[in-house]
Amino acid sequence: MGEAPRVARRRFLGLCAGAGAGTAAACEHPAGSRPTPRPADGHRAEAERDRPGTRDWRIGSAGPPEAVTGYADRVSVTPGEECGLHVSTTASSFRVSAFRVGWYGGTLARLVWRSGPVRGRARPAARPGSATRTVRADWPRTLTVSTDGWPEGAYLIRLDADNGHQRYVPLIVRSTHGTGRTVLMHAPATWQAYNRWGGYSLYAGASGAYGDRSLAVSFDRPYDGNGAEKFLVYEWAAVVLAERLGIPLAYTTGADVHHDPGVLRGAASAVSLGHDEYWTPEQRRHVAEARDAGTNIAFLGANACFRRVRLEDGGAGAPRTVVCYKSSYRTDPCYPSRPALVTTDFRQDPAADPESSLTGVLYEGYPVDAPYVVHAADHWLHEGTGVRPGESFDHLVGVEYDRVTPGATLPEPLEITAHSPLVCDGRRSHSDSACYTVPSGAGVFATGTMRWVEALMAGTAERGRDHGMDARTRDFVTRTTENLLCAFAEGPVARHRPEPRPNTGELYRTAGG
């Protein structure tokens, strides 16, 4: 990702500054209620947000794949823990820069640590091994990084080679508790599923064919592209917005929630970001249990909780492998003896359990590009946006979408807040944004579109992937997301916002699906 042109960059910062000026309004409500974080957490969040940042966090030149690349031997660490970096480069030396993503006055990152020069060495290319066609780099550790003094957060570790090329290694410095906080739940299992480094992903093999895809993928290899593509496209802008709001935040990953749900205990809310497709049954159970205990849940993308996966050891005793046989599930070693662990779509046999019981919506299709059409303009989510019923926002629905599906497992009471007509693969349908509540008072909201997080930067030239979405769309999505995060930060949303108004039967009876 290159540096944005200077004029576009100035425009972007001006827009963000304007958004920042509106933050207080976004968190205020007619009854005078505001998010009520624990004072210590709120103080730390605002203190970190207001520290000086740097604009020098971007990649100027990635260069060819072999120029410089690497991976961390941990998906996440707690503050103070060490992780190893495994690096291959054709350069004689490189440095490592660790940037924490945040608001930082519009600079969007802070340099937390930088190494001295490290001797470079090119490592051999990897080949798929075993019957699952799993690619592992298995390079030796190049250096050990201590995170002592690093605040919790999402980090871009940048490898700066002396040949002028750079690449990222993403790392989450995770929280050990989330009581009273909004927990941002990153999706490394999904990042890895789409990762084609070494020629193989869960979607295709070296030939490009689905039939010779990997059935299991390893974290012991770099990510392709710039090293952090899925994070930057589907998660980064939401992190920046949440940090700018100053609400108390906690950071974790789906893999960490799988192993230990402690960070969700007492959390005000948990947020699944823009593309969070691959979940273990344990992660799903822990999130559902948190909801039933009063934690609000937000799904800021589409296609969430769609694939059921297993995390398995990667050869060093750590769970470094994501297993998903998909349509080949009958060859999964867990079939048929342990049906609940067979890796396929959650909605498919064996042990079918459609994701809509958690998300409220079902994934339906790809690819699509359609306007987002507001239905419940008077919903509290839309306070301050000025939208009217039927108002639309071009290109906001895409590239995958969800909908409320009558006849599927649906929580109640559930209200559709946006109902967007579309055509996908020649078939007419709708994408839906929807919210529901449960007896604990917790609320769940799903956007129903994978472009929601991308829209937070639409029209700014930042990232350069706005699919034709404009500043008007950005303003609407930003304010709606602010309303969502601020309300959810106050605790179980049914206790301080109006109940959902069930309308599925009305919309699908009149719209015909």
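Trainee: How many disulfides does the structure hold, and what makes a pair of cysteines count as one?

Mentor: The structure holds 0 disulfides. A disulfide is a pair of cysteine sulfur atoms within 2.5 Å. This is a predicted model, in which local features need pLDDT of at least 70 and side-chain atom pairs pLDDT 80 or more, while totals for chains, interfaces and linings use all residues. Residues are numbered from 1 along each chain as its sequence is written, and side-chain values use heavy atoms, with hydrogens and water left out.

Trainee: Why is C334 called buried?

Mentor: Buried means under 20% relative accessible area, exposed means over 50%, and partly exposed lies in between (1.4 Å probe, protein chains only). C334 has a relative accessible area of 1%, so C334 is buried. C435, with 9%, is therefore buried as well.

Trainee: Where does A351 lie?

Mentor: A351 is in the loop between β20 and α9. Helices (H or I, at least four residues) and strands (E, at least two) are DSSP runs, numbered from the N terminus. P336 belongs to the loop between β20 (319-323) and α9 (356-359), and a cis peptide bond with omega about 0° joins Y335 and P336. P350 is also placed in the loop between β20 and α9, and the peptide bond from D349 to P350 is cis, with omega near 0°.

Trainee: Why is H395 called partly exposed?

Mentor: H395 has a relative accessible area of 27%, which means that H395 falls between the cut-offs. H395 lies in strand β22 (residues 392-403), and phi of H395 is positive, near 70°.

Trainee: What is the volume of the largest pocket, and what makes a set of points a pocket?

Mentor: The volume is about 520 Å³. On a 1 Å grid over the protein atoms alone, a pocket is an open set of points where a 1.4 Å probe fits, with protein on both sides within 12 Å along at least five of seven lines. A volume is the space filled by probe spheres set on the points, which are joined across faces, edges and corners.

Trainee: Which residues lie nearest the centre of the largest pocket?

Mentor: Y194, K230, H275, Y366 and E400 lie nearest the centre, among 28 lining residues; lining residues have an atom within 4 Å of a point. The largest share of the lining, 5 residues, comes from α5.
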